[in-house]
Amino acid sequence: MVVEPSLSFTSMPPPTQCTRFNFRTFRWMQTMIFAIEEINKDGKLLPNITLGYKIYDSCSTPHQALKAATELMGSEKYSSVGEELQSKGTCQGTVPVVIGDGGSTQSLVVARFLGVFHVPQVSYFSSCACLSDKKQFPTFLRTMPSDFFQVDALVQLVKHFGWTWVGVIAGDDAYGRGGANIFADEVRKLGACVALHEIIPKNRAQTAISSIVSKIRSSGARVILVFAVEQDVAALFDEGLREGLTGGSMGFAIRRAHIPRLQDFLFRLHPLSPDAHENPFLIPFWEEVFQCSLGVQAEDQEHDAEGKPPCSGAEELGNVENIYSDVSQLRISYNVYKAVYAIVHALKAMRSCVKGKGPFHLQACPDVDNIQPWQLFHYITKVEYLNSFGDETKFDENGDPAAMYDLVNWQLSPNGEMQFVTIGKFDKAITDGKQKLQIQEQNIVWNGNQSKVPLSVCSSICPPGTRKAIRPNFPICCHDCVVCTAGEISNQTDAIECVRCLPEFWSNAERTVCIPKQVEFLSFSDTMGITLMAISIIGSFCTCVVVLIFSCHRTTPIVRANNSELSFLLLFSLTLCFLCSLTFIGRPSKWSCMLRHTAFGITFVLCISCILGKTIVVLMAFKAALPGSNVMRWFGPAQQKAIITVSTLVQVIICIVWLIVAPPTPRRLMPRESAIVILLCDEGSPIAFALVLGYIGLLACLCLLLAFLARKLPDNFNEAKLITFSMLIFCAVWVAFVPAYISSPGKYSTVTEVFAILASSYGLLGCIFAPKCYIILLRPEKNTKKHLMSKSATDKF
């Protein structure tokens, strides 16, 4: 673009013959002309200044772009003076700034060339992030956001919808390869995986594109990110449609605007207008729009009109619907519009420079009558203004504008037309805690379904209660969902690991929350507790029945012959033995733990002491029957009571010391691998517990020994055999109890102890008193003194 006050400003060289006329590029060119003429007519921004321009067509190829830049610079002869570049030559050839090129690949070669001459270049469509490198492209600026920001927006989109398995397809150019590579790197940092990464060849061979479509199918990815120019995308979409690959589309587009009066300006063109000869692009444009041949108008250039009817001259652009006339989606055109106005505001700032306060060496101001490109570049980088559309225009240190995008959804209207519906926006400048990406999901239409955006993952989302387990030899995004082990939970989707519950908690059935462990103890309400309680009560009831029978028949020989006082004391102690088992049932507490062990120890010693006394009496009675024996005076009732008292007192002393030094206390066992908390009574002192059991065992063994010695005495006179059987059962039960108690888990150790108490108590009651009750109740003829004495005389001799 040339800035001069009095020169022709519509200079256009003959257009290069491109392979295909591009309506969109032609509209961008017309938008630039519209903006320049709008500024010139208004006259407020640059009074007494007329803007001019030179336009070259690069045909979207680097070769033609470099050729055009060379021609723009060709009339200039630059020489270095100090650190500045000044022009020598005519003013008419001065080119202070270039708007373009469109494609990133073309801008790469043009920017390097113009950078040598410090000529600012403002691109409206080049988005390659590589162009932000000021070392390589020192004078490059753009009104098109960098792909780096576009990638940021796409990554936010991937994160928003939870896509973890995405494909990437790029065009074979700087924009495609650069954007795709940045996106692939960023999306991996997010934790997602790239399912495929393909390049669309520039020749767009059907076999190559068909191969890409096949790879899309086989990858399993339901979301494909495409970085490519329009022609490459069209070839891909056409092939996908031909092979039945359907779906919805959405993407980020730069902000659009409605530019007033632009459409009328676009429709002004006509080959019969007076200034038509000044526009060498008009004839090929017209012939392409109406598919006709202008013939005479094209006599100054090669033109193949074969097969085309002649143009009538009555054609009207307003009657044709195409990309050129559609101003509903002014996005790149808006970038062109902003580029022109950014340069104009820079020129205005240059002309407003106050002498002695300039930005250059020694605070000098630029010479507005001889504008140097490097000076204009400085002012363009400082541009910052709010345009008539409410958008702020400025450039950062890399020459990039503020990144703002519209999220656009392609929707098919009922009449079959494609509509581009804005469903959200991305604003990189948001820093107040709000989301940079805002989406109205209710407005999304995907493959004909309202708001049905697909979920693209290699593996299904792991629900709460499970964790992700990586599949061997697969990408990290491919995983299996493994249910958390018992005692561990995960309360979020796609959890990497399960969290172990605290010792007093356990996982619920769904493995989503830790709940208090179930408390387990031998309760009065569970089946086992009820059973043992019933057995205990029945045992104590049976003992009371025996007491009643013995009381009613206390004068009979069989009751009197077996020391009735000891029998009643033994029955009383057996009742206590049955009842003490109840203290082992119920929730353990401080007092119940102390009571159960001491009551058990004392009552059983009392019971065994009574049996010991009865055994000694039986044994000594037959010793006393020998001539001259005086043994019984040492084992009279008083001595018997003393034996029982002393024996029991020893156990009482052991229990008192036990309670003082280390009493039994309640304890909670919380095994990690179990869903229950076991409540039990800790013995406190293992030594004291062993002494209690050992003392009972000592008395039991002594009773068994004495009973065994008296086993051959006359049956009708003693109960030695009965005591022998009872003590054998007693010892067998308690010998079996020790290993069973140690190996029983949880409350079953308590069950084992209660069972041993009840079994040994029933053994004593049954073996010692059942035969006597049988004789008393069912064989009364044997309950006589004669019967008891009859056999003794014969057996004695």
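A disulfide, as I use the word today, is a pair of cysteine sulfur atoms within 2.5 Å. Keep that cut-off in mind, since cysteines take up much of this talk.

Now the ground rules. This is a predicted model, in which local features need pLDDT of at least 70, side-chain atom pairs count only at pLDDT 80 or more, and totals for chains, interfaces and linings use all residues. Residues are numbered from 1 along each chain as its sequence is written, and side-chain values use heavy atoms, with hydrogens and water left out.

Two more terms. Helices (H or I, at least four residues) and strands (E, at least two) are DSSP runs, numbered from the N terminus. Buried means under 20% relative accessible area, exposed means over 50%, and partly exposed is in between, with a 1.4 Å probe and protein chains only.

How many disulfides does the structure hold? Nine. I will take three of them.

Start with C484 and C498. Their sulfur atoms are 1.9 Å apart. The link is left-handed, with -80 degrees about the S-S bond. C484 lies in the loop between β20 and β21 (488-489), and C498 in the loop between β21 and β22 (499-500), so the pair ties together parts that are 14 residues apart in sequence. Are these two cysteines buried or exposed? Both C484 and C498 are buried.

Next, C193 and C477. Here the sulfur atoms are 2.1 Å apart. This link is right-handed, with 90 degrees about the S-S bond. What does the pair tie together? C193 sits in strand β9 and C477 in the loop between β19 and β20, so parts 284 residues apart in sequence are joined. C193 and C477 are both buried.

Third, C501 and C514. The sulfur atoms are 1.9 Å apart. Again we have a left-handed link, at -90 degrees about the S-S bond. C501 is in the loop between β22 and β23, C514 is in strand β24, and the two are 13 residues apart. C501 counts as buried because its relative accessibility is 3%. C514 has a relative accessible area of 24%, so C514 is partly exposed.

Now a cysteine without a partner. C542 is in no disulfide. The nearest cysteine sulfur belongs to C544, 9.2 Å away. At 28% relative accessibility, C542 counts as partly exposed.

Which strand pairs with β9? Strand β8 (residues 165-171) runs parallel to β9 (residues 193-200), and seven bridges join them. Pairing here requires that DSSP finds at least two bridges between the strands. From β8 the chain crosses through helix α5 (residues 174-189) to β9, and this β-α-β crossover is right-handed. Right-handed means that, with the strands pointing away from the viewer, the path from the first strand over the helix to the second runs clockwise. Within the pairing, G167 stands opposite L196 in β9.

Last, some backbone details. A cis peptide bond joins G100 and D101, with omega about -10 degrees. D101 lies in the loop between β5 (98-99) and α3 (104-116).

Then positive phi. N473 has a phi of about 65 degrees, although N473 is not a glycine. N473 is in the loop between β19 (466-470) and β20 (479-483). With a relative accessible area of 83%, N473 is exposed. R511 also has a positive phi, about 60 degrees, and is not a glycine. Look for R511 in the loop between β23 (505-507) and β24 (514-516).
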